Amino acid sequence: MKNKSGQTKNGNKDGQANKKSKIDQSNMNKGRSQEKMKAKSKKRPNTQMKNLSKQNRKAGMKMAKKRPAFSIDTVGNRGKKKKTDVWETVRYEATNTFVSHREIRRERELVEDLFGDVDLPDADAKVQGDEPKSIAQPKVDKKKKAPGSIPNDPYDLQLDDKKTAEKKPVWVDEDDDNIRVKDVMANMSKMRGKRGAREVSDERYENMLKEKFELAMGSTPEWAQLDRKIENDSDDEGDFNRRTGNYISSEGPSRLPKSVLEYKMLSDLNRATYAEGAIIKGVEFNPVFQVALVAGFSKTNGSASLFQVDGLHNHKIQTMKFPRFPIKCAKFFKDGRRFVVGSDLYGHFFVYDMEGGKEIMIPWNKSEDRKCMKQFVISPDGELLFFFGSKSLIHIFDTKTLSHIDTLQASEEVTSATFNSSGTRMYTHGNGGDVLTWDINNRVCVHKFYDDGCIDGMSIALSPNNQYLACGSSSGIVNIYDTADLTKDTPLPVKVLDKLVTSVTSLTFNPSSELLAMGSHFKENAFKLVHFPSMTYFTNFPREGTNLARVQVTRFSPNGGYIAAGNNGGTVRLFRLKHYGSY
């Protein structure tokens, strides 16, 4: 059937279906096109935004070129009317605001010093705008310090006792509290398993080091004491006096107290070896290094060792053997790098070079005086070496060339000698009891006097301050003379010391002339220390029960901090004297 338009019903249905399919297809095409546009938009950047960012960057670069150093960035204010910058032109007084005119001017000067002349705003320009109002400052009393302010004295020398007590030494480290002795010993590869109780000791390592320091050097030095008081000297001369201490002080160092001596007995000086011989005949402290020389003999062999002096371990540095050469005397040269040893069996002696590690034999061709090398002294300037030979002869050697240069003839056989501090005078003592004074420059005897009550002279010593001369005799008497009386024909002693009952074989003054050590190798523990200028004995030295055996030789360290005594038991007793601060 056909309708009015001439189409059949089936045809109408087909036409509607076709229209609907076309609409759906067109909707699908639109959706695809929209998806493609979105994808393209994601891939393609926004050219407008990109162009705008490029313009901004270019503008910023131009402004950076034109903009002076330290100016304010005004890129964001483009298009607006530029206002006058008040901070560039204001004459600004000091205020409590964050930035002051004075700081701006100071900053400009610093910039010019670093970068040269730059285009900076003039800090002294006239005011074109309203000046910022300054904030009124509160009145501050300059005498009163605000809390937390820096003190006038940066070293806190004038702080009160309360603040001083709170201070700690700069070398104190809290981390060291956890370190134990056993931890340190475990890291030491040498001598492992041979350190005794220290291998398992829980003692703090810091305490052990402190104890070791006090054992060797005494108590805390004065400069490290926190409670010490320092006087405030305003002038430069006073500051110089304070820094140099006792070297130029009119009062000088404190005097050694008499009657009681503060000391401590340390480990034996040769505890690391005990191999220098049964009888120690030479003990010397090096004048340059903290090293000691110990020499002796057993039967016909001699030995000499060098030790590092610390009072605790006294580690051995080196040992030298001298076969069939029993050492009867040993001394360091003044340079501290060589030492000389002598014997009574041969007419030669040895000089040992410690740096080269070799010994040099110095022959002596006088066959009639083969035993002249058993006792000798070295002049204070270190240039001459004096050997006491037989037949009252004194042989002089030059220490540089190690050659014989002269021989002196005494009135009797010389047993000992000593020098004044300059080395221009030598005093000798010997058999018969005479004391001879020699002029070393002219090498002649200028004076002789008899030691009062002496049968045979055994030892002699002159104090370093050239004030007292001590003469020891075979009867055990030590006469003390004032050097001002030595020009008399028969000078009388100012003091007679009679504590020893056997021959006085060793006499030694300490470097400060406040101590005299005297001993005898003919009796056990025959050893005394005498205080000067009171010339009284120390009642507590040696302590009861101390075994010194028969003292053969005694020496003080260069600054008097140590005293060593060698005996006939092959040991060298070492003592630390608290009054003297160093080696």
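The exercises below work through a predicted model of one protein chain.

Numbering starts at 1 along each chain as its sequence is written. Local features need pLDDT of at least 70 and side-chain atom pairs pLDDT 80 or more, while totals for chains, interfaces and linings use all residues; side-chain values rest on heavy atoms, without hydrogens or water.

**Exercise 1. The whole chain**

Task: State how many helices and strands the protein chain has, and what share of its residues is buried.

Solution: 
- Step 1. Helices (H or I, at least four residues) and strands (E, at least two) are DSSP runs, numbered from the N terminus. The chain has eight helices and 28 strands.
- Step 2. Buried means under 20% relative accessible area, exposed over 50%, and partly exposed in between (1.4 Å probe, protein chains only). Of 583 residues, 36% are buried.
- Step 3. Contact means heavy atoms within 4.5 Å. Among contacts with a separation of 6 or more, 47% join residues 24 or more positions apart.

**Exercise 2. A hairpin**

Task: Sort the side chains of β22 by direction, then describe its pairing with β23.

Solution: 
- Step 1. Side chains of a regular strand alternate between the two faces of the sheet.
- Step 2. In β22 (residues 506-509), S506 and T508 point one way, L507 and F509 the other. All are buried.
- Step 3. Four bridges join β22 to β23 (residues 515-519), and the two run antiparallel. S506 stands opposite G519.
- Step 4. Five residues lie between the strands of this hairpin, and S513 takes a positive phi near 65°.

**Exercise 3. Aromatic rings**

Task: Classify the ring pairs that F575 makes with Y263 and F541.

Solution: 
- Step 1. Rings of Phe, Tyr and Trp (its six-membered ring) pair if their centres lie within 6.5 Å; planes under 30 degrees apart count as stacked, over 60 as edge-to-face and the rest as tilted. The count is 20 aromatic pairs.
- Step 2. Y263 and F575 have ring centres 5.9 Å apart and planes at 70°, so the pair is edge-to-face. It links β1 (residues 263-265) with β28 (residues 572-577), and the two residues are 312 apart.
- Step 3. F541 and F575 have centres 5.1 Å apart and planes at 70°, so this pair is edge-to-face too. F541 lies in the loop between β25 (536-537) and β26 (551-556), so the pair ties together parts 34 residues apart in sequence.
- Step 4. Y263 and F575 are buried, and F541 is buried. Y263, F527, F541 and F575 form one aromatic cluster.

**Exercise 4. Charges over rings**

Task: Which rings do K499 and R576 sit over?

Solution: 
- Step 1. The test needs NZ of Lys or CZ of Arg within 6 Å of the ring centre and within 35 degrees of the ring normal.
- Step 2. K499 sits over Y537, its charged end 5.5 Å from the ring centre.
- Step 3. R576 lies over the face of Y562, at 5.4 Å from the ring centre.

Note on methods. Two strands pair if DSSP finds at least two bridges between them.
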